[in-house]
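The sequence and the structure come first, and the reading follows.

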Amino acid sequence: MSLRTSAYTRGWFEMKDLPLPSVAVGNLTVGGSGKTPIAIWIARYYAARGLKPGILLRGVGGDEALVHARAVPESVVVPDPDRAAGAERALARGAQVLILDDAFQRLDVRRDYNIVLVAAETTRAVRWPLPAGPWRESMDALKRADAVIITRKRATPEAALALSREMLERTDSPVAIAHLGLTRLEGLVSGNKVLSSELRGRRVVAASGIADPEAFVAQTKATGAAVQVATWRDHHDYRDEDVAWLAHAARRADHVVITEKDAVKLRDRWPNNVPEPLVAVLDLTWEEGGEEIAAGLDAVVTPVSGLSQ
């Protein structure tokens, strides 16, 4: 990774310009840091300001494209391993600003605002690179970041603050903390809202096919539910027998709880005569530095005065 970064820095590898203002979101570790919720928050931020966001994905696992399209209906979602080609497609469909999901290591395209996520849960992980540990790059990669976001799901606020202080010693860029909390759920088919507190004392099957099932399970257990766990690999393509197993679980338990990534693959296949699963919705709450992230996003789409086109 260091040699590759050096090659791009020295101009030995080509870097392409994108046709629109762009924000990249990525992480230093493998999976589970909250890239998708953060990218959705950014897309909604721009949409609320009257801009049409284009969300560029790397094209692996159709579930993520479906999650983005459902979460931000006014966005243009383009899954394409070639981010430059995807950007042109988004532009042709009316996008005005680009959000590149899982793109911190994509050095072949220039971006205007580079956000790196570090999960507070990784403070317990060994600081070894793949394949011995979960790290894609060392902390030296923070120098490429315009902003750092510490995300936490099951980690304590104290752990997030301690990691934030460590990041501030390594970078001059803003460091924010975002809590991705399970406060509500929605019926898979009906969309009916259910507070997470309503799971207390209930028999729940927590089923998922995601990169970090431990955080999902921990958050479900934190509601006070009695939880049985069922996990599949990340981006799992649910077979008919998997759906039948989940339907059986839904009849026997009080609730089956699934993630948003799993919901988009199960919604159109759920049997009508079986109680619907509840979809865990992660709400983002800024605990530190959210206003600095917003200011950085505003700067991306604010024309520089005195420059003519």
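## The largest pocket

A pocket is taken here as an open set of points, on a 1 Å grid over the protein atoms alone, with protein on both sides within 12 Å along at least five of seven lines, and its volume is the space filled by probe spheres set on the points. The model is a predicted one, and in it the largest pocket holds about 950 Å³ of space. Elements that contribute two or more residues to the lining of this pocket are the helices α2 (35-48), α3 (62-71), α6 (213-221) and α8 (260-266), together with the strands β7 (175-187) and β12 (278-288).

The lining of the largest pocket is made up of 41 residues, and those that lie nearest its centre are T36, P37, E260, K261 and L282. By residue class, the lining divides into 17 nonpolar, eight polar and 16 charged residues.

## Helix α4 and its packing

Helix α4 spans residues 83-92, and its buried residues are R83, A84, G86, A87 and A90. Viewed down the axis of α4, these buried residues fall within an arc of 155 degrees, so they line one face of the helix. An α-helix has 3.6 residues a turn, so residues three or four places apart point the same way.

After α4 comes G94, a residue with a positive phi, near 100 degrees.

## Helix α1

In helix α1, which covers residues 2-9, the buried residues are T5, A7 and Y8. These residues cover an arc of only 160 degrees around the axis, which puts them on the same side of α1. On the face turned away from this buried side, α1 carries the exposed residues S2, L3 and T9. Helix α1 is followed by G11, whose phi is positive and near 85 degrees.

N27 belongs to strand β1, which comprises residues 22-27. Its relative accessible area is 0%, and because buried means under 20%, N27 counts as buried. The side chain of N27 takes part in a polar contact of 2.8 Å with the side chain of S33, and in another of 3.2 Å with the side chain of R136. When residues up to four places away in sequence are not counted, N27 touches S33, K35, F104, Q105, V116, L117 and R136.

## Two non-glycine residues with positive phi

Most residues other than glycine have a negative phi. Against that background, D102 has a positive phi of about 60 degrees although it is not a glycine. D102 sits in the loop that connects β4 (97-101) with β5 (113-119), and with a relative accessibility of 10% D102 counts as buried.

A positive phi, near 65 degrees, is also found at H235, again a residue other than glycine. The loop that holds H235 runs between β10 (226-231) and α7 (240-252). The relative accessibility of H235 is 21%, so H235 counts as partly exposed.

## Loop residues and their contacts across the sequence

A211 lies in the loop between β9 (203-208) and α6, and at 44% relative accessibility A211 counts as partly exposed. Its C-alpha atom is 7.3 Å in space from that of R233, although A211 and R233 are 22 residues apart in sequence. With residues up to four places away in sequence left out, A211 touches G31, G32 and D234.

R200 is located in the loop between β8 (193-195) and β9, and its relative accessibility of 59% makes R200 an exposed residue. Between the C-alpha atoms of R200 and T220, which are 20 residues apart along the chain, the separation is 9.8 Å. The contacts of R200, not counting residues up to four places away in sequence, are with T223, G224 and A225.

Notes. Residues are numbered from 1 along each chain as its sequence is written. This is a predicted model: local features need pLDDT of at least 70, side-chain atom pairs count only at pLDDT 80 or more; totals for chains, interfaces and linings use all residues. Side-chain values use heavy atoms; hydrogens and water are left out. Helices (H or I, at least four residues) and strands (E, at least two) are DSSP runs, numbered from the N terminus. Buried means under 20% relative accessible area, exposed over 50%, partly exposed in between (1.4 Å probe, protein chains only). On a 1 Å grid over the protein atoms alone, a cavity is a set of points where a 1.4 Å probe fits but cannot get out, and a pocket is an open set with protein on both sides within 12 Å along at least five of seven lines; lining residues have an atom within 4 Å of a point. Ala, Val, Leu, Ile, Met, Phe, Trp, Tyr, Cys and Pro count as nonpolar, Asp, Glu, Lys and Arg as charged, and the others, Gly among them, as polar. The arc is that of the directions from the helix axis to the C-beta atoms. A polar contact is a pair of N or O atoms within 3.5 Å; within protein, one must be able to donate a hydrogen and the other to accept it, and residues adjacent in sequence count only if both atoms are side-chain atoms. Contact means heavy atoms within 4.5 Å.
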